[in-house]
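Here are my notes on the model you sent over. Have it open while you read, and take the points in order.

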Amino acid sequence: HGDASFSCSVASEESSVIGSFAARLRAANIPVPVVSCGSTPAAACFDGWSNPPVTEIHPGNYVFYDRQQAHIGSCTLDEVACTVLTRVVATYPKQRRLLIDA
């Protein structure tokens, strides 16, 4: 998917553009059995996927969500499927790493 599809309005445009491209290929007698696009944020807010031309979507972690999706507004923290509570037991600043106990 295009990174810009992290927006509902862009998701609609992406569906339309990809569908138009598929139509042009078909007009040139090139088979296009699957028209695929999407992202987690787009799947969360755009309901036009069920209408042609899109035949398949790739919603990423849509069924689980995560903190990043909550941060950009695709879901609330209450909708994140699971979380892990852990402690940072060591830090390695030169390597930009943390050691956790989970």
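1. The protein has three helices and four strands, taking helices (H or I, at least four residues) and strands (E, at least two) as DSSP runs numbered from the N terminus. Going along the sequence, the pattern reads α-β-α-β-α-β-β.

2. A word on the source: this is a predicted model, where local features need pLDDT of at least 70, side-chain atom pairs count only at pLDDT 80 or more, and totals for chains, interfaces and linings use all residues. Residues are numbered from 1 along each chain as its sequence is written, and side-chain values use heavy atoms, with hydrogens and water left out.

3. Now the overall numbers. Of the 102 residues in the protein, 25% are buried; buried means under 20% relative accessible area, exposed over 50%, and partly exposed in between (1.4 Å probe, protein chains only). The accessible surface comes to about 7400 Å², and carbon and sulfur atoms account for 56% of that (Shrake-Rupley method with a 1.4 Å probe; for residues, only the protein chains shown count as cover). Take the contacts (heavy atoms within 4.5 Å) between residues at least 6 apart in sequence: 26% of them join residues at least 24 apart.

4. Have a look at Q69, which sits in helix α3 (residues 67–72). Q69 counts as buried because its relative accessibility is 3%. Its side chain makes a polar contact of 3.0 Å with the side chain of Q68. For that term, read a pair of N or O atoms within 3.5 Å; within protein, one must be able to donate a hydrogen and the other to accept it, and residues adjacent in sequence count only if both atoms are side-chain atoms.

5. Which way do strand β3 and strand β4 run? Strand β3 (residues 88–92) and strand β4 (residues 97–100) are antiparallel, joined by four bridges; strands pair if DSSP finds at least two bridges between them. A90 has L99 in β4 as its bridge partner. The hairpin has four residues between the strands, and R96 takes a positive phi near 55 degrees there.

6. What about L85, buried or exposed? L85 lies in the loop between α3 and β3, and it counts as exposed because its relative accessible area is 85%.

7. Last, the cysteines. C37 is buried at 4% relative accessibility, whereas C82 is exposed at 59%. The disulfide count is zero, using cysteine sulfur atoms within 2.5 Å as the rule.
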